[in-house]
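Hello,

Here is the structure I promised to pass on to you.

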Amino acid sequence: MDSILEIIQPNERAIAIFTTHDEWASNLQINNDGNDFTGDWVIRANPKADIIVIYHRTAHTNDIYKASITTIDGPLKAYFTKNRYRINFTNCMHKGTTTSTWSEFARCGANPVRYIKA
């Protein structure tokens, strides 16, 4: 899998996010039932997206997940998360891994958030 365009379907509106396993970006929670959240993102208050695509870099792989957005909470109130949002999702599915970098996969620059419509 080389591109986000292999993940989203025609007419889907998605937020793609880049997160890692390190302490700074360990804001990804996925329960066994595929429901949970990823948080502390600087995103639009109303991003008009149905889908979240998660590019999750671990020490060994770049895992790709896709889920349906249920709600977006925020802006968060803590001083260090001011103007940031938490994306809640359901039906999260592991779609595979990629050797592509975040910029190659999401077809964007270094920003960890990408909005895309197929």
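**Notes on the sheet**

β5 and β6 run antiparallel and are joined by nine bridges. Two strands count as paired here if DSSP finds at least two bridges between them, and strands are DSSP runs (E, at least two residues) numbered from the N terminus. Across this pair, T71 stands opposite N88 in β6.

Before going further, a word on the source: this is a predicted model, where local features need pLDDT of at least 70, side-chain atom pairs count only at pLDDT 80 or more, and totals for chains, interfaces and linings use all residues. Residues are numbered from 1 along each chain as its sequence is written, and side-chain values use heavy atoms, with hydrogens and water left out.

β4 and β5 make a hairpin, with four residues between the two strands, and V53 has K66 in β5 as its bridge partner. β6 (residues 85-97) is joined by four bridges to β3 (residues 36-41), again antiparallel; there, T38 stands opposite I87.

How do the seven strands line up in the open sheet? Their order is β2-β3-β6-β5-β4-β1-β7, and the pairing is mixed. β2 (28-30) and β7 (113-117) are at the edges with a single partner strand each, so one side of each has no neighbour in the sheet. From one strand to the next, the twist averages 30 degrees, taken between axes that are lines fitted to C-alpha atoms, with angles running from 0 to 180 degrees between N-to-C directions.

Happy viewing!
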